[in-house]
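Here is a short briefing to read alongside the structure. Have a look around first, and then we can go through it together.

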Amino acid sequence: MAKVLVFTETTANSVKSVTLEILGKLSGQSIDVVAIGDVPEEGIKALAAHGAENIHKLKGDNLDKYSPEGYANALKGFISSGNYDYVFAGSTALAKDLFPRLSGLLDSGMASEVTNFIMEGDNFNGTRPLFAGKCLAKVTIQGPKPHFVTVRPNALGMPESPSSGAGNVQEASGSAGEIRAAIKEIIKSASEKVDLTEANIIVSGGRAMKNAENFKILNELAEVIGATVGASRAAVDSGYAPHSMQVGQTGKTVAPSLYIACGISGAIQHLAGMRTSKCIVAINTDPDAPIFTKADYGIVGDLFQIVPILTEEFKSFLG
Ligand SMILES: Cc1cc2nc3c(=O)[nH]c(=O)nc-3n(C[C@H](O)[C@H](O)[C@H](O)COP(=O)(O)OP(=O)(O)OC[C@H]3O[C@@H](n4cnc5c(N)ncnc54)[C@H](O)[C@@H]3O)c2cc1C
């Protein structure tokens, strides 16, 4: 059995769901969780229900705001004192920034963006997509432990019947050390919606949206089905949507249960960011659009007619 630490980020009232996906997959291992700062009560309950034995709240000066150096220094100290075999995190924007730095500080190996893994005894065997998702690589990690792993959100799925853990909450003190590049302010995006990388349903619009105002029809559909709205690079480059909404090779990589592509041709760079979606629906006027080769369901037609119909149908179906 491996001794595993899972780094979690918190949300307004819980923890990021990718943490629970990871805990479910680690069932049978000895699992601690660490967060920087406080963890909401709901989050503590969820972590315990998914197998966390100990939940550490790491606190200290200059840890109130994220900074890559401060977080990495504090976590380095905490991890070094814990004799862990593995340190996991969801492959979020923050962890993509933090974990390579942390594994470098500890001179340890790292597997990033894995979409699946198994633990055989205390050996980690993972899978990660390469070349824009065209092939899958099997990854193991060599060298001194602890080994670091980041897991793509939504890839593992939520465990159906998780085994619970003791969920002992403990406070630990962490030192941010010297912070040379301080983050002065974090400006929240206007959207209160779930982040694209964690969304379970995504409705995306492409160049065919024609302007920013027309995204209103996607927002209306998203509101009804509980989705987050994304965009292709053509839509972003044309100024119809902010870059934070871009899906693809130079945008966000997503793996929702349902991805609805509206007026998106299906260029390889777009597919790179969403091809691992569990169900893909494409709406496009061109029956030969490449997106249809990847779609589970395709509607050949004008999105400006079809999207409002879908919104109305879902409204009456979902009450
Ligand atoms: C290095 C590099 C990185 C890139 N990274 C990304 C990336 O991260 N994400 C990304 O998306 N792209 C990326 N691209 C760009 C990519 O190659 C495509 O240009 C882009 O994805 C096209 O966006 P689109 O499908 O919205 O537009 P188009 O390719 O112009 O497709 C628009 C589609 O809308 C359909 N359409 C038109 N009117 C309607 C209507 N009324 N109803 C329904 N359908 C309609 C058309 O038939 C067409 O298929 C990258 C390119 C490069 C070179």
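Predicted model: local features only at pLDDT ≥ 70, side-chain atom pairs only at ≥ 80, totals over all residues.

- Domain 1 covers 3-173, and domain 2 covers 196-318.
- Taken over C-alpha atoms, the centres of domain 1 and domain 2 are 30 Å apart.
- Where they meet, 12 residues of domain 1 contact 10 residues of domain 2.
- On the domain 1 side of this contact, you will find 5 nonpolar, 5 polar and 2 charged residues.

**Backbone details worth a look**
- A cis peptide bond links Lys145 to Pro146, with omega near 10°.
- Pro146 sits in the loop that runs between strand S8 (135-139) and strand S9 (147-151).
- Asn154 is not a glycine, yet its phi is positive, at about 75°.
- The loop between S9 and strand S10 (168-173) holds Asn154, which is buried because 23 other C-beta atoms lie within 10 Å.
- Lys210, also not a glycine, has a positive phi of about 75°.
- Lys210 belongs to the loop between strand S11 (201-205) and helix H5 (215-225); with 14 other C-beta atoms within 10 Å, Lys210 is partly exposed.

How values were computed. Residues numbered from 1 in each chain as written. Domains from an automatic or database assignment. Contact = placed C-beta atoms within 7 Å. Nonpolar A, V, L, I, M, F, W, Y, C, P; charged D, E, K, R; others polar. Helix = DSSP H or I, 4+ residues; strand = E, 2+ residues; numbered from the N terminus. Buried ≥ 20, exposed ≤ 12 C-beta atoms within 10 Å, placed from the backbone.
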